[in-house]
Amino acid sequence: MGGSEEIYRKLFIESMDAIFIGDARTGIIIDCNRAACELVGREKSELVGQHQSILHPASERIDGTMTRTFLQHMTDKEGEVLEAQVVTKTGEIRDVAIKANIIEIRENLYVQGIFRDVTDWKRYEGQMRALHISADKLAVTKSVEEIYDIILDIIRSVLGFEFLGIAVREGESVHYVKALGIDIPPDFRAPIDKSIAGRAFLTGSTQLINDAKIDPDYHVVEVDASIPSMRSELAIPIVVDTKVELVINIESTKLNAFTRRDKDMLDAFADRIAASIKIIRHEEELQHYIEELMRSNRDLDEYTYVVSHDLKAPLRTIRSFSYLLLKDLGDEISEEGRDYLHRIANAAINMDALIEDLLLLSRVGRKFTNVEEVDLNQLLREIEGDLKPIIAQRKARVVVNELPVVHVPKTWMKQLLTNLIDNGIKFNKSEVPTVEVRFESRNDDYMFAVRDNGIGIPEQYFDKIFKLFERLHPREEYEGTGAGLAICKKIVDYFGGQIWFESRLGEGSTFFFTIPSSPKLGEV
Ligand code: ADP
């Protein structure tokens with residue numbers, strides 16, 4: 001048995017966990033191993049014979065005799081792993097996991113305390129959490145440049161590293177766009193194939209260097225003697241869609257300054273950064289397309305305006321000369337010839353109406369943009385006045401409920417309502433064509449409804465009718481160009497609202513549109 005005791009003794013001495021053996025009744029330490037001495041930074045002679053409270057900071061001690069953890073072990077938690085703190089000789093606090101066993105030998109009660117130093121784990125855990133929380137700041141950034149500052153700020157505040165830089169690739173060299181702790185001259189460039197950050201660019205994987213001086217790619221920044229020479233390096237690539245977008249470079253003047261856990265943590269952080277950069281890039285791209293689209297829309301409006309305008313003059317000529325021919329040479333022209341001339345003149349008139357509508361469409365959002373306080377009740381009376389001929393001719397009724405006062409360019413509001421009411425009367429075969437206008441005040445907008453008892457719109461045309469010059473009926477049956485609803489849609493878009501309709505064939509249609517309570521007039 002003597003040999004076996006030797007084996008267990010060795011185990012006790014060499015264990016990587018700290019082991020203390022104490023008298024459970026008095027709390028006096030009677031033995032400890034090498035790891036125990038290392039844990040608290042004391043010689044064995046300084047520990048043996050002392051009360052166990054020498055190991056613990058004040059917060060852990062209870063009335064100077066026993067520690068809280070020890071008491072817990074003594075009572076209901078024997079053998080369980082509990083978290084506690086120890087204090088070293090120099091006053092440093094370390095987090096430990098403690099397992100204590102109570103052993104009774106011939107009426108003596110001993111305690112074996114096995115201590116494992118978890119300070120680093122706890123720190124990493126805390127850092128990981130802090131990194132994770134801080135990374136939320138990335139999600140609200142608007143530009144990649146803004147992200148640079150946030151990255152450096154987070155790494156410094158959470159991980160406490162001193163020398164940080166953000167490098168981008170410029171052809172065959174690496175350029176630092178931001179740095180903390182080191183003054184890197186703006187024109188400094190390191191060759192991509194002769195620098196550790198460069199290697200991160202080329203390989204796309206994190207470089208953890210324990211001794212930079214012996215690394216073949218270590219690039220000494222020989223710019224200023226005041227820059228301390230670096231011994232350890234961590235270069236973390238930020239990879240967005242397989243491209244290394246940037247490299248975060250962290251340096252230290254100490255050897256072996258960075259651990260694998262630092263690397264793992266930063267790799268996880270790098271993924272968050274990459275995701276944010278990706279979102280920003282998408283948003284920038286989207287913004288670019290939107291601007292392009294708005295620009296081309298403006299060009300198109302401009303173009304439409306110019307072309308339409310220029311087309312009107314020759315059209316007038318065609319019409320006038322057709323009439324002149326009819327008037328001056330009418331007798332000399334055959335019946336058939338006169339019919340042709342009438343058709344030419346009518347076509348010119350129709351074309352003129354089309355051009356007028358095109359001009360009108362091109363003006364929405366460009367002309368008459370003055371925002372006014374518009375009392376819609378008053379506006380409706382004006383519209384009814386303008387539509388008097390068709391109302392009288394069709395013996396129609398326009399029913400208007402109490403309407404609100406809105407702030408919009410009046411011309412376009414009038415155009416919108418006129419088109420909808422006019423359509424409601426026009427596409428109507430009821431004995432008394434009736435159009436009712438009402439509104440509903442909602443959370444952020446007003447919703448208007450223009451309802452008629454007209455012919456209705458077949459379902460298959462639901463997608464079609466807001467398109468320019470799309471008509472469901474020949475001109476002989478119902479007058480019009482097919483631009484009215486396209487103009488309405490452009491106006492509502494301009495107001496920042498929406499337009500749609502519901503309809504049943506033969507029963508009537510209701511056109512709905514919304515206007516935000518405080519409209520931000522947009523681009524159309
Ligand atoms: P237009 O009135 O000049 O024909 P619009 O753009 O105003 O042009 O309307 C497009 C088409 O949608 C019309 O030709 C008609 O077929 C259909 N439409 C519009 N409003 C109504 C309505 N209130 N009832 C039935 N059909 C309608």
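1. Domain layout. In this predicted model, the chain is divided into domain 1 (2-117), domain 2 (122-285), domain 3 (308-344) and domain 4 (367-516). Taken over C-alpha atoms, the centres of domain 3 and domain 4 are separated by 35 Å.

2. Strand pairing around E7. Strand E7 (residues 108-117) pairs with strand E1 (residues 18-23) in the antiparallel sense, over six bridges. Within this pairing, alanine 18 has phenylalanine 115 of E7 as its bridge partner. E7 is also joined to strand E6 (residues 93-105), again running antiparallel, by 10 bridges. Here valine 111 in E7 stands opposite isoleucine 102.

3. The E6-E7 turn. E6 and E7 form a hairpin, with two residues between the strands. Arginine 106 lies in this turn and has a positive phi of about 45 degrees.

4. Nonpolar cores. The largest nonpolar core has 45 residues, and those with the most contacts inside it are Leu376, Met413, Leu417, Ile421, Phe495 and Phe513. Helix H14 (residues 484-495) gives the most to this core, contributing eight residues.

5. Surroundings of leucine 417. Residues up to four places away in sequence aside, leucine 417 touches Leu376, Leu379, Leu380, Ile383, Val437, Val450 and Phe513. Among these partners, Leu376 and Phe513 are, like Leu417, listed with the most contacts inside the largest core.

6. Aromatic pairs. A search of the whole structure finds 15 aromatic pairs. In one of them, the ring centres of phenylalanine 448 and phenylalanine 513 are 5.0 Å apart and the planes lie at 20 degrees, so the pair counts as stacked; the cut-off for stacking is under 30 degrees. This pair links distant parts of the chain: phenylalanine 448 belongs to strand E18 (residues 445-452) and phenylalanine 513 to strand E20 (residues 508-516), 65 residues apart. Both phenylalanine 448 and phenylalanine 513 are buried. Together with Phe439 and Tyr446, Phe448 and Phe513 form one aromatic cluster.

7. Charges over rings. Two arginine side chains deserve mention. The charged end of arginine 261 sits over the ring of tryptophan 121, at 4.2 Å from the ring centre. The charged end of arginine 366 sits over the ring of tyrosine 305, at 5.4 Å from the ring centre.

Definitions and conventions
Residues numbered from 1 in each chain as written. Predicted model: local features only at pLDDT ≥ 70, side-chain atom pairs only at ≥ 80, totals over all residues. Heavy atoms only, no water. Domains from an automatic or database assignment. Phe/Tyr/Trp six-rings, centres within 6.5 Å; stacked < 30°, edge-to-face > 60°. Helix = DSSP H or I, 4+ residues; strand = E, 2+ residues; numbered from the N terminus. Buried < 20%, exposed > 50% of the residue type's maximum accessible area, 1.4 Å probe, protein only. Lys NZ or Arg CZ within 6 Å of the ring centre and 35° of its normal. Pairing = 2+ DSSP bridges. Core = buried A, V, L, I, M, F, W, Y, C linked by side-chain atoms within 4.5 Å. Contact = heavy atoms within 4.5 Å.
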